[in-house]
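Biologist: I'd like a close look at one part of this model, and then the rest of the structure as seen from there. Please take me through it in one go, with the cut-offs spelled out.

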Amino acid sequence: MTLVIKKLNPEIVRLFKAEAVKRGLLLNQAIEEAITLWLNTGRSVVETDFEANNRVYESMKEELRKNHSGKFIVIAEGRLVGVFSEESEAIEVLRRLGEHIKHAILTQVGADDERAGELEWWGGSIERQSAQNS
Amino acid sequence: MVGRVYRASECSEFVDAKKNPAPTLTLTLYSITGDKVIENIRIPVDTGYEGPIMLTSELYRFFMRAELPRTLWRSYRTLSGTVIMRASRAIVKIANMELETFVESPFLGEGKLLIGRELLNKLAIIIDGRRKETCLVEDIH
């Protein structure tokens with residue numbers, strides 16, 4: 001069948017095409033494989049630490065902004081580990097969590113919000129390359 | 001005309017590129033908990049990158065124990081589209097200076113090593129293309 005999809009992120013499409021070429025797949029084969037993989041993992045009950053920590057943050061962020069603006073928070077293992085006045089206290093807690101923790105969230109409530117947004121990377125660090133390789 | 005004299009203190013050689021070598025700065029990166037991740041690495045200077053330090057995804061994973069929530073990540077507009085960057089707190093040591101900063105890496109894709117304007121704007125450097133060196137400098141009064 002033929003499928004036309006609009007409004008795809010061109011960067012993601014570019015990366016996807018490059019990966020398909022690297023794996024020696026035609027685009028339709030790669031898309032089929034990706035759809036199959038997504039359908040299979042979409043039902044997975046296993047949540048990664050990354051997903052769990054972000055889920056906890058999203059569920060609490062309004063309360064954190066209201067009651068703990070300017071404080072540092074640590075979220076790990078899918079729970080709020082603590083709220084701290086000083087960054088050094090939060091870092092010490094992170095240190096004590098142990099090496100087995102591969103992902104945790106450390107953020108200063110409110111202050112780090114100002115950091116977010118869209119910035120520029122002018123050329124995207126363009127490098128010389130032979131036209132034949134592109 | 002402004003007359004100003006600088007003294008170069010720490011210099012880094014350019015790194016080879018396909019044709020035109022790239023200016024670099026030498027730095028050491030620590031996780032926010034103080035673990036040394038990589039020492040004396042020469043990272044290309046990219047004045048077009050508005051962020052702090054970009055890392056490859058392989059290096060970035062050592063900083064993921066102090067990551068910002070996903071909704072606070074930045075996106076960057078490039079010639080070929082928008083790139084979303086994950087971000088974590090880190091400590092960078094350049095010469096005798098130690099600064100808390102953020103390191104970033106694309107959410108999708110491998111990323112690369114770059115120093116951007118968010119960090120460059122805290123430093124005084126000279127890019128000496130003829131000598132193929134980038135140097136930290138001090139004003140001579």
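Modeller: Let's start in chain B, where strand 9 and strand 10 run antiparallel and are joined by four bridges. Strands here are DSSP runs of E with at least two residues, helices are runs of H or I with at least four, and both are numbered from the N terminus; two strands pair if DSSP finds at least two bridges between them. Before going further: this is a predicted model, so local features need pLDDT of at least 70 and side-chain atom pairs count only at pLDDT 80 or more, while totals for chains, interfaces and linings use all residues. Residues are numbered from 1 along each chain as its sequence is written, and chains are lettered from A and ligands numbered from 1 in the order in which they are written.

Back to the hairpin. Four residues sit between strand 9 and strand 10 of chain B, and in this hairpin Lys132(B) takes a positive phi near 60 degrees. Across the strands, Ile127(B) has Thr134(B) in strand 10 as its bridge partner. Thr134(B) is also the bridge partner of Ser12(B). Strand 10 (residues 133–139) of chain B is joined to strand 1 of chain B by seven bridges, again antiparallel. Put together, that gives an open, antiparallel sheet of three strands in chain B, ordered 1-10-9. Strand 1 (6–13) and strand 9 (125–128) stand at its edges with a single partner strand each, so one side of each has no neighbour in the sheet. From one strand to the next, the twist averages 30 degrees; axes are lines fitted to C-alpha atoms (for helices, over the stretch in contact), and angles between N-to-C directions run from 0 to 180 degrees.

Chain A has an open sheet of three strands too, with antiparallel pairing and the order 2-1-3. Strand 2 (79–84) and strand 3 of chain A are the edge strands, each pairing on one side only. Here the twist averages 15 degrees per step between strands. Five bridges hold the antiparallel pairing of strand 1 (residues 72–76) with strand 3 in chain A, and Ile75(A) stands opposite Ile105(A) in strand 3. Two helices lie across strand 1, strand 2 and strand 3 of chain A: helix 3 runs at about 150 degrees to strand 1, and helix 4 at about 15 degrees to strand 1. Along the sequence, chain A reads α-α-α-β-β-α-β-β.

Now for where the chains meet. A contact means C-beta atoms, placed from the backbone, within 7 Å of each other. By that test, 34 residues of chain A touch 35 residues of chain B. On the chain A side, helix 1 (10–22), helix 3 (49–67), helix 4 (87–97), strand 3 (104–108) and strand 4 (117–120) each supply at least two residues. Helix 1 of chain A gives the largest share, five residues. That side of chain A splits into 14 nonpolar, eight polar and twelve charged residues, where Ala, Val, Leu, Ile, Met, Phe, Trp, Tyr, Cys and Pro are nonpolar, Asp, Glu, Lys and Arg are charged, and the others, Gly among them, are polar. The chains also pair strand to strand: strand 4 of chain A runs parallel to strand 5 (residues 74–78) of chain B over four bridges, with Glu120(A) opposite Arg77(B).

Helix 3 of chain A includes Asn54(A), which counts as buried because it has 20 C-beta neighbours inside 10 Å. The cut-offs are 20 or more other C-beta atoms within 10 Å for buried, 12 or fewer for exposed, and partly exposed in between. Beyond four places in sequence, Asn54(A) is in contact with Pro69(B) and Arg70(B).

Last, the largest nonpolar core has 45 residues, and Val74(A), Ile75(A), Ala104(A), Leu106(A) and Ala90(B) touch the most other members. Strand 6 (residues 81–94) of chain B supplies the largest share, six residues. Such a core is a set of buried Ala, Val, Leu, Ile, Met, Phe, Trp, Tyr and Cys residues joined through C-beta atoms within 7 Å. Leaving out neighbours within four places in sequence, Leu106(A) has contacts in both chains, including Phe72(A), Val74(A), Ile32(B) and Ala66(B).
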